[in-house]
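Dear colleague,

Here is the structure we talked about handing over. My notes on the residues follow below it.

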Amino acid sequence: MSIFATVAVLLIAALHVYILVLEMFLWTGPRARAAFGTSAAFASETKALAANQGLYNGFLAAGLVWGAVAADPVGFQAKVFFLVCVAVAGAYGAATASRKILFVQTVPALIGLAAVLAAH
């Protein structure tokens, strides 16, 4: 279970690195606009805001990687903290922006959290 938990945490971190790239570097391009359902005009107007969001996603990814590589008890505590942060951010995003975020962000974070807790 410990290997599964670590892999789950690292996959969630990779997802957030991907979101960082979409929001910080590809926001006005077709891939990001399709992923987030935005128009070219909206993407252009919100480029700075999206980059800021991307940076936060990078911090989540960094925290998850830190948790995956740090020794316990710090590693366990970091994984739990950052997975809860991802789940809460996803729930807020689902409530305020798109329900799809619940399945892309919150559900994987909760699965990862359950795996981390079960492995501990």
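This is a predicted model: local features need pLDDT of at least 70, side-chain atom pairs count only at pLDDT 80 or more; totals for chains, interfaces and linings use all residues.

Trp27 is buried, because its relative accessibility is 8% and the cut-off for buried is under 20%.

In total the structure holds four aromatic pairs. Another of them joins Tyr56 and Phe59, with centres 6.3 Å apart and planes at 85°, which makes the pair edge-to-face. Both residues sit in helix H4 (residues 47-69), and because they are three residues apart, about one helical turn separates them. Phe59 is partly exposed at 49% relative accessibility. Elsewhere, ring pairs connect Trp66, Phe81 and Phe82 into a cluster.

Trp27 also turns up among the contacts of Thr38, together with Arg33 and Ala43, once neighbours within four places in sequence are left aside. Thr38 lies in the loop between helix H2 (30-36) and helix H3 (40-45). Its relative accessibility is 15%, so Thr38 counts as buried.

The other site is Val80, in helix H5 (residues 74-96). Not counting residues up to four places away in sequence, Val80 touches Leu113, Val116 and Leu117. Val80 and Leu113 are 33 residues apart along the chain, and their C-alpha atoms are separated by 6.3 Å. At 22% relative accessibility, Val80 counts as partly exposed.

Regards

How values were computed
Residues are numbered from 1 along each chain as its sequence is written. Side-chain values use heavy atoms; hydrogens and water are left out. Helices (H or I, at least four residues) and strands (E, at least two) are DSSP runs, numbered from the N terminus. Buried means under 20% relative accessible area, exposed over 50%, partly exposed in between (1.4 Å probe, protein chains only). Contact means heavy atoms within 4.5 Å. Rings of Phe, Tyr and Trp (its six-membered ring) pair if their centres lie within 6.5 Å; planes under 30 degrees apart count as stacked, over 60 as edge-to-face and the rest as tilted.
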